[in-house]
Amino acid sequence: MNKKHQLPVLYSFRRCPYAMRARLGLVSSQTMVELREIVLRAKPAHMLAISPKGTVPVLLLPDGTVVDESLDIMLWALGNNDPQQLLTPQQGSREDMLDLIGAMDGDFKHHLDRFKYATRYEDAAPQVHYTKAIAELGKLDERLKKTPYLFGQRLSLADQALFPFVRQFANADKQAFATHAPQRVQDWLSQRLESTAFKTVFGQKWALWEPESEPVHFP
């Protein structure tokens, strides 16, 4: 294939919320890539060569540029094509969305990990972290009191970037989430899980990539 016609290559892991975030950005921007589904216990040498940190997602552009942070992949893709105007929220600004995403990626994810994966963290107190994670969802609930989406009456970058992590938390203890999470957040999450975009990024399983594999195009 002529280099100028090559697709970007995305190393991904279906269940990882960061990789899910990246795939949502690609779907929302109608950007096709060559998808390479991996397992984290057997990371491909090529992926490690271009991104030594060894986490997914990793996007390799045809010009050799590597984008290996999930939010940066979303911003790159939507910066090229944003038919739903996800980067231009109805209320607030792009910077406001990035601030909210950054806050949730920090405190909420900190507590989520120490609740869900308590054995990985010395001195983690799962119930304490669970309670604090529920409290962090209040940041979303305050916005959802006013509008059906986080930044107005329509979908935005923040909705797409954050719901994979709320989903991860909900799935860690579905009964507890149904009991304690703000109802508006539960309803918002349910709506996102029924969306066409989510069904595209999670509705099918992909064969694990091997160097000799036929290319898999996504979406």
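1. Ground rules. This is a predicted model, where local features need pLDDT of at least 70 and side-chain atom pairs count only at pLDDT 80 or more, while totals for chains, interfaces and linings use all residues. Residues are numbered from 1 along each chain as its sequence is written, and side-chain values use heavy atoms, with hydrogens and water left out.

2. The second largest pocket. A pocket here is an open set of points on a 1 Å grid over the protein atoms alone, where a 1.4 Å probe fits, with protein on both sides within 12 Å along at least five of seven lines; lining residues have an atom within 4 Å of a point. The volume is the space filled by probe spheres set on the points, which are joined across faces, edges and corners. Of the 13 lining residues, Gln6, Leu7, Val9, Glu34 and Arg36 lie nearest the centre. By class the lining has 7 nonpolar, 4 polar and 2 charged residues (nonpolar: Ala, Val, Leu, Ile, Met, Phe, Trp, Tyr, Cys and Pro; charged: Asp, Glu, Lys and Arg; polar: the others, Gly among them).

3. The largest pocket. This one holds about 660 Å³ of space. Its lining numbers 25 residues, with Cys16, Pro17, Leu40, Tyr117 and Gln168 nearest its centre. Those residues split into 10 nonpolar, 5 polar and 10 charged. Helices α1, α4 (94-116) and α7 (157-172) each give at least two residues to the lining (helices are DSSP runs of H or I, at least four residues, and strands runs of E, at least two, numbered from the N terminus).

4. The sheet. Five strands make an open, mixed sheet in the order β4-β3-β1-β2-β5 (two strands pair if DSSP finds at least two bridges between them). At the edges are β4 (66-67) and β5 (217-218), each pairing on one side only. Strand β3 (residues 58-60) pairs with β4 in the antiparallel sense over 2 bridges, and Leu60 stands opposite Val66 in β4.

5. Helix α1. Residues 17-28 form α1, which packs on the sheet and touches β1 (9-12), β2 (33-37) and β5 (contact means heavy atoms within 4.5 Å). The direction of α1 makes about 145 degrees with that of β1 (axes are lines fitted to C-alpha atoms, for helices over the stretch in contact, and angles run from 0 to 180 degrees between N-to-C directions).

6. α1 against α3. Helix α3 (residues 70-80) packs with α1 at about 0 degrees, the axes 8 Å apart. The two are therefore roughly parallel (angles under 35 degrees).

Methods. Parallel < 35°, antiparallel > 145°, perpendicular 65-115°, else oblique.
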